[in-house]
Amino acid sequence: MNLFVITSALNTPHGVFSADERLQQTLKTIQSINEKTDADIIILDGSKEKVTEQQVIALEDYATIISFSHHQDFQNIQKSTNHDVVKNALEMLMLGAFWS
C-alpha cells in the first residue's frame, strides 16, 4: 500500500478559493489518487480556522485528517499578508511535524 500526504488549508483567508472550493479540490485530488493506486491518504491541514464538522464528514471516509489550526506557530504565520510566505511556511512546518 502507498502513502500519500496532502497539504491543505481548507479554511484560510489567503488565496482566491472559498472553503467549499478548496474542499472540492481536495476531494478531486483524493479521487485522482484512488484512481491510480491503492493508498492510505493523510491530509495535513494548516487552516487558520478549525476544520468544520461538515468538512470532516466529507473527507473522513477517504483520508485521515490532521489539523494544525490549534498550534500558535501556525496562527502567527497566518497573520502574514504574503500568501506565498504563509503557504510555504505552513507546508514546511506541517511536513516537518508529520515526519518527525
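This is a predicted model: local features need pLDDT of at least 70, side-chain atom pairs count only at pLDDT 80 or more; totals for chains, interfaces and linings use all residues.

Student: Where is Ala 97 found?

Tutor: Ala 97 sits in helix α4.

Student: Is Ala 97 buried, partly exposed or exposed, and why?

Tutor: The relative accessible area of Ala 97 is 39%. Buried means under 20% and exposed means over 50%, so Ala 97 counts as partly exposed.

Student: How far apart are the C-alpha atoms of Ala 97 and Leu 44?

Tutor: They are separated by 9.8 Å, while along the chain the two residues are 53 residues apart.

Student: And Trp 99, where does that one lie?

Tutor: Also in helix α4, which covers residues 83–99. Trp 99 has a relative accessible area of 57%. That is over 50%, so Trp 99 is exposed.

Student: Which residues form the nonpolar patch on the surface with Trp 99?

Tutor: Leu 3 and Leu 95. Together with Trp 99 they have about 310 Å² of accessible area.

Student: New topic. How much space lies in the largest pocket?

Tutor: About 440 Å³. The largest pocket is lined by 18 residues, and Ser 8, Ala 9, Thr 12, Arg 22 and Lys 87 are the closest to its centre.

Student: Which element supplies the largest share of the lining?

Tutor: α4, with seven residues. β1 (2–8), α1 (19–36) and α4 each supply at least two residues of that lining.

Student: How many of the lining residues are nonpolar, polar and charged?

Tutor: Five are nonpolar, nine are polar and four are charged.

Terms used
Residues are numbered from 1 along each chain as its sequence is written. Side-chain values use heavy atoms; hydrogens and water are left out. Patches are made of residues with over 30% relative accessible area and no salt bridge: like charges are joined within 9 Å, nonpolar side chains (Val, Leu, Ile, Met, Phe, Trp, Tyr) within 5 Å. Accessible areas come from the Shrake-Rupley method with a 1.4 Å probe; for residues, only the protein chains shown count as cover. A salt bridge is a side-chain nitrogen of Lys or Arg within 4 Å of a carboxyl oxygen of Asp or Glu. Helices (H or I, at least four residues) and strands (E, at least two) are DSSP runs, numbered from the N terminus. Buried means under 20% relative accessible area, exposed over 50%, partly exposed in between (1.4 Å probe, protein chains only). On a 1 Å grid over the protein atoms alone, a cavity is a set of points where a 1.4 Å probe fits but cannot get out, and a pocket is an open set with protein on both sides within 12 Å along at least five of seven lines; lining residues have an atom within 4 Å of a point. Grid points are joined across faces, edges and corners, and a volume is the space filled by probe spheres set on the points. Ala, Val, Leu, Ile, Met, Phe, Trp, Tyr, Cys and Pro count as nonpolar, Asp, Glu, Lys and Arg as charged, and the others, Gly among them, as polar.
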